[in-house]
Amino acid sequence: MSKNPKKPIKKRIIKYPEKIHRMAPHIAKARSIASEDAYGKGKQGYRENEDEISEQGVTAELIARYFYQDKVKDGTISITPMVDFEPIAGPDGSVGETNFDIKSVAHSNYANHRLFINKPAYHNEDKKVEVLLYFLGDKSSCVDGMCKGVQWIVPASYVEEWEEGYNPKNESSYYFCD
């Protein structure tokens with residue numbers, strides 16, 4: 001159980017188009033090809049389930065882009081490109097002077113009511129953010145071309161109060177909250 005109350009986390013149900021689930025594998029593949037020098041098999045950043053993680057992350061980014069598209073069009077929000085030749089170490093986007101990062105939530109973590117963040121990435125000086133936007137897409141919820149998902153808005157400072165964990169499988173440390 002987390003050391004603190006959940007009050008700072010805002011949660012809401014959102015709707016997004018089903019086609020995001022059809023687009024995500026293709027964009028994830030393009031992103032993997034573009035960044036294979038950093039995350040390709042045999043590289044330090046490689047994870048055994050890299051394709052799954054990439055698709056899950058792209059799905060979250062597409063949902064965020066859809067959800068905030070009007071604010072992106074009018075310039076209120078800026079979001080980094082989905083695919084680039086080098087991984088982008090900075091925040092995923094900003095609203096004025098407030099930087100944010102987009103995170104995905106795996107269905108298994110949602111079932112366990114947990115939000116995760118990689119500890120080294122959280123402490124990366126190039127990626128200082130004030131807000132974490134977590135998204136969970138649910139392909140099974142799609143009806144008439146629209147799906148239901150969940151968004152959590154988390155102040156980044158709140159993560160310092162989360163529990164710490166370690167995954168020996170991929171030798172990574174992380175923070176999580178129940």
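## Surroundings of Lys127

Lys127 lies in the loop between helix H6 (119–122) and strand E6, where helices (H or I, at least four residues) and strands (E, at least two) are DSSP runs numbered from the N terminus. Setting aside residues up to four places away in sequence, Lys127 touches Ile88, Ala89, Gly90, Pro91, Asp92, Asp101 and Ala121; contact means heavy atoms within 4.5 Å. Lys127 and Ile88 are 39 residues apart in sequence, and their C-alpha atoms are 9.0 Å apart in space. With a relative accessibility of 16%, Lys127 counts as buried. The classes are buried (under 20% relative accessible area), exposed (over 50%) and partly exposed (in between), computed with a 1.4 Å probe on protein chains only.

This is a predicted model, in which local features need pLDDT of at least 70 and side-chain atom pairs count only at pLDDT 80 or more, whereas totals for chains, interfaces and linings use all residues. Residues are numbered from 1 along each chain as its sequence is written, and side-chain values use heavy atoms, with hydrogens and water left out.

Six strands form an open sheet in the order E1-E7-E6-E4-E3-E2, with mixed pairing; two strands pair if DSSP finds at least two bridges between them. E1 and E2 stand at the edges with a single partner strand each, so one side of each has no neighbour in the sheet. From one strand to the next, the twist averages 25 degrees. E1 and E7 run antiparallel and are joined by eight bridges, with Tyr16 opposite Cys147 in E7.

H1 packs on this sheet and touches E1, E6 and E7, its direction making about 85 degrees with that of E1. Axes are lines fitted to C-alpha atoms, for helices over the stretch in contact, and angles run from 0 to 180 degrees between N-to-C directions. H1 (residues 19–34) has 16 residues and reaches 23 Å from its first C-alpha to its last, close to the expected 22 Å; the expected span is 1.5 Å times one less than the number of residues. The buried residues of H1 include Ile20, His21, Ala24, Ile27 and Arg31.

## The nonpolar cores

The largest nonpolar core has 20 residues, and those with the most contacts inside it are Val58, Leu62, Ile63, Phe100, Ile102 and Phe135. Such a core is a set of buried Ala, Val, Leu, Ile, Met, Phe, Trp, Tyr and Cys residues joined through side-chain atoms within 4.5 Å. Two or more residues each come from strand E1 (10–17), H1, helix H3 (50–67), strand E2 (77–79), strand E4 (98–104) and E6. H3 gives the most, with five residues. Beyond its neighbours within four places in sequence, Ile63 is in contact with Ile14, Tyr16, Ile20, Phe135 and Gly137.

Another core, of 18 residues, lies apart from the largest one; among its members are Leu115, Ala156, Tyr175 and Cys177.

## The three-stranded sheet

A second open sheet has three strands in the order E5-E9-E8, with antiparallel pairing. E5 and E8 are its edges, each with a single partner strand, so one side of each is left without a neighbour in the sheet. The twist averages 35 degrees from one strand to the next. E5 and E9 pair over four bridges in the antiparallel sense, and Asn118 stands opposite Tyr174 in E9.

## Aromatic pairs

The whole structure holds four aromatic pairs. Rings of Phe, Tyr and Trp (its six-membered ring) pair if their centres lie within 6.5 Å; planes under 30 degrees apart count as stacked, over 60 as edge-to-face and the rest as tilted. The ring centres of Phe116 and Phe176 are 5.9 Å apart and their planes are at 35 degrees, so this pair is tilted. Phe116 in strand E5 (residues 115–118) and Phe176 in strand E9 (residues 172–177) are 60 residues apart, and the pair links distant parts of the chain. Phe116 counts as partly exposed at 25% relative accessibility, whereas Phe176 counts as buried at 11%.

The rings of Tyr134 and Trp162 are also tilted, with centres 6.4 Å apart and planes at 40 degrees. Tyr134 belongs to strand E6 (residues 131–137), and Trp162 to the loop between strand E7 (146–155) and strand E8 (163–167), 28 residues apart. Both Tyr134 and Trp162 are buried. Together with Tyr158, Tyr134 and Trp162 form one aromatic cluster.

## Backbone at Asp144

Asp144 lies in the loop between E6 and E7. Although Asp144 is not a glycine, its phi is positive, at about 55 degrees. Asp144 is exposed, with a relative accessible area of 78%.
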